[in-house]
Amino acid sequence: SPSDFRWLYHLRYTYNPKAPKLTEKLMISLSNAKFYYGFEYLGIGERLVQTPLTDKCYLTLTQALHFRMGGSPFGPAGTGKTETVKALGAQLGRFVLVFNCDETFDFSAMGRLFAGLCQ
């Protein structure tokens with residue numbers, strides 16, 4: 001059924017040709033979160049293997065975005081956290097910036113990043 005969680009648990013793309021704006025013609029849904037596709041094309045990226053953990057991460061991050069919050073996957077190095085976030089951003093059509101916040105990442109590094117974004 002369309003309201004079954006096993007169906008709602010996956011990213012679904014809905015095209016509405018009658019939408020007034022071009023940016024509102026393609027909608028992406030996952031659970032109760034709905035987003036308009038961002039139309040940010042960054043080329044053909046590498047494919048990510050879909051696992052149950054990837055699906056859980058997508059669900060958690062899309063729910064956080066739905067509530068206007070952020071997400072910060074946590075875990076051991078080399079487990080695909082960065083790739084999962086970038087893959088979700090690509091599927092939503094959004095530009096994604098990933099920061100490696102270690103002990104050398106201070107306020108001046110943040111200032112340089114923001115200055116570069118403003119240019």
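**Pockets and a helix**

Sorted by class, the lining of the largest pocket holds 16 nonpolar, eight polar and four charged residues. Keep in mind that this is a predicted model.

**Exercise 1.** Work out which residues lie nearest the centre of the largest pocket, and which element gives the most to its lining.

*Solution.* Start with the space: the largest pocket has about 770 Å³ of it. Next, its lining counts 28 residues, and L61, G71, P73, V85 and V96 lie nearest the centre. Now the elements: β3, α2 and α3 each supply at least two lining residues. The most comes from α3, with six residues.

**Exercise 2.** Check whether the end-to-end distance of helix α2 agrees with its number of residues.

*Solution.* Helix α2 runs over residues 52–66, which makes 15 residues. At 1.5 Å a residue, taken over one less than the number of residues, the helix should span 21 Å. Its end C-alpha atoms are 21 Å apart, so the two agree.

**Exercise 3.** Find what covers the buried residues of α2.

*Solution.* First pick out the buried residues, among them T54, C57, L61 and A64. Then look at their cover, which includes α1, β2, β3 and α3. Just after α2, spot R68, with a positive phi of about 60 degrees.

Definitions and conventions:
Residues are numbered from 1 along each chain as its sequence is written. This is a predicted model: local features need pLDDT of at least 70, side-chain atom pairs count only at pLDDT 80 or more; totals for chains, interfaces and linings use all residues. Side-chain values use heavy atoms; hydrogens and water are left out. Helices (H or I, at least four residues) and strands (E, at least two) are DSSP runs, numbered from the N terminus. Buried means under 20% relative accessible area, exposed over 50%, partly exposed in between (1.4 Å probe, protein chains only). Contact means heavy atoms within 4.5 Å. On a 1 Å grid over the protein atoms alone, a cavity is a set of points where a 1.4 Å probe fits but cannot get out, and a pocket is an open set with protein on both sides within 12 Å along at least five of seven lines; lining residues have an atom within 4 Å of a point. Grid points are joined across faces, edges and corners, and a volume is the space filled by probe spheres set on the points. Ala, Val, Leu, Ile, Met, Phe, Trp, Tyr, Cys and Pro count as nonpolar, Asp, Glu, Lys and Arg as charged, and the others, Gly among them, as polar.
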